[in-house]
Amino acid sequence: MKLNRTQWASVTAVVLALLFAGGAVTVASADRDDEGPRTPTAESADAGFARDMAVHHQQAVEMSFIVRDRTKDEAVRRLAYDIANTQANQRGMLFGWLDLWGLPKVQSGVAPMTWMGMGVDLGGEDGELMPGMATRAELDQLRKASGREAEVLYLKLMTDHHKGGIHMAQGCVERCVPGVERDLAQGMVDAQQSEIKLMADMLKERGAGA
């Protein structure tokens, strides 16, 4: 059967309509699939980890800069540089995510590690905000020490600091949404466990226990 121009036009219109409808369904489906993970809330594990670990990292950077000025030992100075450089970069990433999510870097009225179900409340006693963090008195002691004394004190303080950091990072591994932040947290666990072993050996070399 031959179709005249009017009939061809009608058929073409139907085909185009069907194609358009199919395309619309495909686009709509793609839009739903491309939504990806939702932006974390201020109370989420993702945001809580970013805020708390940024604070935790800042003290590690501070301690590392202090000891580099208090000893000439190349092994300790190299370790301190590596820790300061790594944790400063990671801190920038954590703050960057909070900016990307449009969330505050400080959440007033909420105790640290609440996102882990802990709600640590140390009262900021002598500057100790979270487990593993050094007190102001300990930081002052590090500033006044020099040579072997500074090395041993730094290694002990950083060992405790790493243990607290590992505990928090593991909390993110267990609670954060799968993705780059959780991968970073796992990387922190692995790296800091390795550094704890290294620092234990360095303490033994200096005749001190962990």
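Buried means under 20% relative accessible area, exposed means over 50%, and partly exposed lies in between (1.4 Å probe, protein chains only). By these cut-offs Gln186 is partly exposed, because its relative accessibility is 31%. The model is predicted: local features need pLDDT of at least 70 and side-chain atom pairs count only at pLDDT 80 or more, while totals for chains, interfaces and linings use all residues. Residues are numbered from 1 along each chain as its sequence is written, and side-chain values use heavy atoms, with hydrogens and water left out.

**Overall make-up**

- The chain has six helices and zero strands; helices (H or I, at least four residues) and strands (E, at least two) are DSSP runs, numbered from the N terminus.
- Read from the N terminus, the order of elements is α-α-α-α-α-α.
- Of the 210 residues in the chain, 39% are buried.
- Contact means heavy atoms within 4.5 Å.
- Among contacts in the chain with a separation of 6 or more, 72% are between residues 24 or more positions apart.

**The disulfide**

- A disulfide is a covalent bond between the sulfur atoms of two cysteines.
- Here the term is applied to a pair of cysteine sulfur atoms within 2.5 Å.
- The structure holds one disulfide, formed by Cys172 and Cys176 with their sulfur atoms 2.2 Å apart.
- The link of Cys172 and Cys176 is left-handed, with -120° about the S-S bond.
- Cys172 and Cys176 are both buried.

**Aromatic rings**

- A pair of aromatic rings is described by the distance of the centres and the angle of the planes.
- Rings of Phe, Tyr and Trp (its six-membered ring) pair if their centres lie within 6.5 Å; planes under 30 degrees apart count as stacked, over 60 as edge-to-face and the rest as tilted.
- There is one aromatic pair in the structure: Phe49 and Trp115 are edge-to-face, at 5.9 Å centre to centre with 80° between the planes.
- Phe49 lies in helix H2 (residues 45-68) and Trp115 in the loop between helix H3 (74-101) and helix H4 (136-144), so the pair ties together parts that are 66 residues apart in sequence.
- Phe49 and Trp115 are both buried.
- A charge sits over a ring if NZ of Lys or CZ of Arg is within 6 Å of the ring centre and within 35 degrees of the ring normal.
- Lys105 lies over the face of Phe95, 5.7 Å from the ring centre.

**Packing of H3 and H5**

- Axes are lines fitted to C-alpha atoms, for helices over the stretch in contact, and angles run from 0 to 180 degrees between N-to-C directions.
- The axes of H3 and helix H5 (residues 147-175) are 11 Å apart, and the two helices pack at an angle of about 35°.
- The crossing of H3 and H5 is left-handed, a term for a near helix turned anticlockwise from the far one by less than a right angle, with clockwise called right-handed.
- On the H3 side, the contact is made by Val76, Leu79, Ala80, Ile83 and Gln87.
- On the H5 side, the contact is made by Glu151, Tyr154, Leu155, Met158 and His162.

**The loop between H3 and H4**

- Met113 lies in the loop between H3 and H4.
- Phi of Met113 is near 70°, a positive value in a residue other than glycine.
- Met113 counts as buried because its relative accessibility is 2%.
- Gln107 is also found in the loop between H3 and H4.
- Gln107 is buried, with a relative accessible area of 18%.
- Leaving aside residues up to four places away in sequence, Gln107 touches Ala42, Glu43 and Arg51.
- Gln107 and Asp52 are 55 residues apart along the chain, and their C-alpha atoms are separated by 9.9 Å.

**Other residues and their distances**

- Asp69 sits in the loop between H2 and H3 and is exposed, with a relative accessible area of 64%.
- From Asp69 to Arg143 the C-alpha to C-alpha distance is 8.7 Å, and the two are 74 residues apart in sequence.
- Asn85 is in helix H3 and is partly exposed, with a relative accessible area of 37%.
- Asn85 and Ser64 are 21 residues apart in sequence and 9.4 Å apart in space, C-alpha to C-alpha.
- Gln186 belongs to helix H6 (residues 180-205).
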